[in-house]
Amino acid sequence: MEIVNLLRQVTIFRDLPAEVLTDLAGRVRPRSVEAGSIIVSAEEAGDSLFVIARGKVKVVLYGETGREIILSILRAGDFFGEMSLLDRQPRSANVVAVEDADLLSLDREAFEKHLSAHPSTALAILSEMSRRLRHADEVIGNLALLDVYGRVARTIRELAQTQGEPVDGGLLIRERPTQQEIAGLIGTARETVSRALNEFTRRGLLEMRGKQILVRWEFLRKVDDAA
């Protein structure tokens, strides 16, 4: 039942019937990884889909000089690895544990058996993949059209809208990414991200509270108006 409840927290599985989730829960396998561990590597054969039960991971590419480009940061309830299960191609990126994490893995054979019995899961996954492609298009557009401060602002807005908790004055992000993680997401240096955040804070648009950040309503309105 614990695994069923966890799967119900995952966006793509949330609306599936109880019997579908029960079948899926019986096919996944638990796996624990330590912070810094490479969970999957780019170009390796992909034979498993992963759901994050606890912890945080990052999806990254590495340039020829070793520079890290962060494609996304995933937390409990997110999933990754579905593309290789569907197209049987090598992994398209590396996934690294940012902190100790507990995962649920679903291998290709178990995945195919589940889909044969419950094709509604495939539709849910395709819907999420479409959403991610649209997001990727938006990121590419931001990189091409916005200056660095604009990219930082868009990233903070997205985090606030997806993870923020409404409080007095704005949306509270309880676990904000590090400056280095934001820099990797938007393709710039950590120092530049620091200057942008300091400027937004100085202007009263953001409020840093340790690992938390309050994104004020005025900040969200300004970013929306500039979109």
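**Helix α8**

Thr192, Val193, Ser194, Ala196, Leu197 and Phe200 are the buried residues of α8, where buried means under 20% relative accessible area with a 1.4 Å probe and protein chains only, and where helices are DSSP runs of H or I of at least four residues and strands are E runs of at least two, numbered from the N terminus. The model is predicted, so local features need pLDDT of at least 70 and side-chain atom pairs count only at pLDDT 80 or more, while totals for chains, interfaces and linings use all residues. Residues are numbered from 1 along each chain as its sequence is written, and side-chain values use heavy atoms, leaving out hydrogens and water.

- Gly204, with a positive phi near 80°, follows α8.

**The sheet**

- An open sheet is formed by 4 strands in the order β2-β7-β4-β5, with antiparallel pairing; two strands pair if DSSP finds at least two bridges between them.
- Because β2 (38-40) and β5 (68-75) each have a single partner strand, one side of each of these edge strands is left without a neighbour in the sheet.
- The antiparallel strands β4 (residues 56-62) and β7 (residues 94-97) are joined by 4 bridges, and Val59 has Val95 in β7 as its bridge partner.

**Nonpolar cores**

- Leu7, Ile12, Phe13 and Val51 touch the most other members of the largest nonpolar core, which has 24 residues; such a core is a set of buried Ala, Val, Leu, Ile, Met, Phe, Trp, Tyr and Cys residues joined through side-chain atoms within 4.5 Å.
- The most residues in this core, 4, come from α2.
- A second, separate core of 21 residues includes Leu171, Ile173, Phe200 and Val223.

Key. Buried means under 20% relative accessible area, exposed over 50%, partly exposed in between (1.4 Å probe, protein chains only).
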